[in-house]
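Colleague: I'd like to learn how to read a model like this one. Could you walk me through it, feature by feature?

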Amino acid sequence: MACILILLGAPGAGKGTQAVRLAEAYRLTHVSTGDLFRLHLGQGSSFGLKAKEYMDAGALVPDEVVLDMLAERVGQPDCEKGYLLDGFPRTLAQAESLGSRLSPDDQVVVLALDVSEETLIRRASGRLLCRSCENIQHLDFKPPARGGICDSCGGELYRRPDDAPEVVRERIAVYRNQTAPLVEFYDQLDVLTRVDGERAPGEIFEGLRSVIAERGVDLG
Ligand code: AP5
């Protein structure tokens with residue numbers, strides 16, 4: 001039996017921030033399709049090059065590209081006992097494909113972060129990412145102690161090109177049209193819980209932990 005945690009939420013909702021904490025707390029492999037595309041792009045691989053034009057425009061990468069990349073990643077030994085999905089699935093076709101990969105005794109828990117559009121834009125527009133580790137900071141909400149330097153590892157902080165305001169607005173619109181319907185999809189399967197994502201990161205994390213415990217997930 002494997003346990004699959006899915007973090008669902010709009011761009012800037014805090015999926016990555018919470019995923020890092022959850023992966024550490026439960027020793028689960030963190031699988032972020034956005035991070036995988038950025039990694040592939042940095043390596044100049046075909047997945048990365050195919051994804052770039054869509055990411056730059058704030059559009060979704062075509063399902064067939066995402067599904068091949070995801071299958072390759074979750075087929076690795078560190079995902080055998082389960083994994084934490086961040087940014088996947090994002091379409092009904094992706095959700096159905098994921099469902100077809102799972103065994104009947106696998107446990108799926110979907111954690112949906114609810115955040116207002118105003119907050120999403122503020123969070124994405126101030127986001128700073130570390131080039132060397134998974135740390136995510138913010139110009140206002142988690143400012144670096146030394147400008148441009150990661151608080152966790154001393155690496156270089158950078159801004160994502162798709163965090164430009166016009167691209168963020170497009171990404172939010174894409175989320176509303178193509179990904180938000182998954183809330184109902186998973187709700188009908190009775191595996192989804194909505195969590196207030198407007199609170200401080202530590203409070204949200206405790207909320208997510210409570211849901212995981214209430215759902216009876218055995219993550220050790
Ligand atoms: P991806 O990288 O997945 O981006 P996203 O889903 O748009 O989500 P973000 O990474 O923008 O936000 P987040 O929710 O992780 O927020 P974070 O924790 O960083 O995807 C990028 C692109 O790749 C897509 O547009 C698409 O093109 C492509 N792609 C990826 N997956 C795909 C798929 N499955 N199918 C097709 N295409 C795909 O937080 C944001 C900021 O807010 C940070 O600065 C953080 O410090 C701050 N913050 C977080 N929580 C709080 C809080 N509680 N209080 C205050 N500040 C907070």
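Modeller: The protein chain exposes about 11,000 Å², and 49% of that comes from carbon and sulfur atoms. Those accessible areas come from the Shrake-Rupley method with a 1.4 Å probe, and for residues only the protein chains shown count as cover. Keep in mind that this is a predicted model, where local features need pLDDT of at least 70 and side-chain atom pairs count only at pLDDT 80 or more, while totals for chains, interfaces and linings use all residues. Residues are numbered from 1 along each chain as its sequence is written, and side-chain values use heavy atoms, with hydrogens and water left out.

Colleague: How many helices and strands does the protein chain have?

Modeller: Helices (H or I, at least four residues) and strands (E, at least two) are DSSP runs, numbered from the N terminus. Here there are nine helices and eight strands. The radius of gyration is 17 Å, close to the 17 Å that the globule rule gives for 220 residues, so the chain is as compact as a globular protein of that length. That radius is taken over C-alpha atoms, and the rule is 2.2 Å times the number of residues to the power 0.38.

Colleague: What share of the residues in the protein chain is buried?

Modeller: Buried means under 20% relative accessible area, exposed over 50%, and partly exposed in between (1.4 Å probe, protein chains only). By that reading, 49% of the 220 residues are buried.

Colleague: And what about contacts between residues at least 6 apart in sequence?

Modeller: A contact means heavy atoms within 4.5 Å. Of the contacts you ask about, 68% join residues at least 24 apart. For a local case, take Leu139, in the loop between strand E6 (136-138) and strand E7 (157-158). Leaving aside residues up to four places away in sequence, Leu139 touches Gly126, Leu128 and Arg159. Leu139 is partly exposed, at 43% relative accessible area.

Colleague: How many disulfides does the structure hold?

Modeller: A disulfide is a pair of cysteine sulfur atoms within 2.5 Å, and this structure holds zero. For Cys79, the closest cysteine sulfur is in Cys3, 12 Å away, which is too far for a bond. Cys79 counts as buried, at 3% relative accessibility.

Colleague: Where does Arg27 lie, and is Arg27 buried or exposed?

Modeller: Arg27 is in the loop between helix H1 (15-26) and strand E2 (29-32), and at 78% relative accessibility Arg27 counts as exposed. Arg27 has a positive phi of about 50° although it is not a glycine. Asp190 isn't a glycine either, and has a positive phi of about 60°. You'll find Asp190 in the loop between helix H8 (181-188) and strand E8 (192-196), and Asp190 counts as exposed at 56% relative accessibility.
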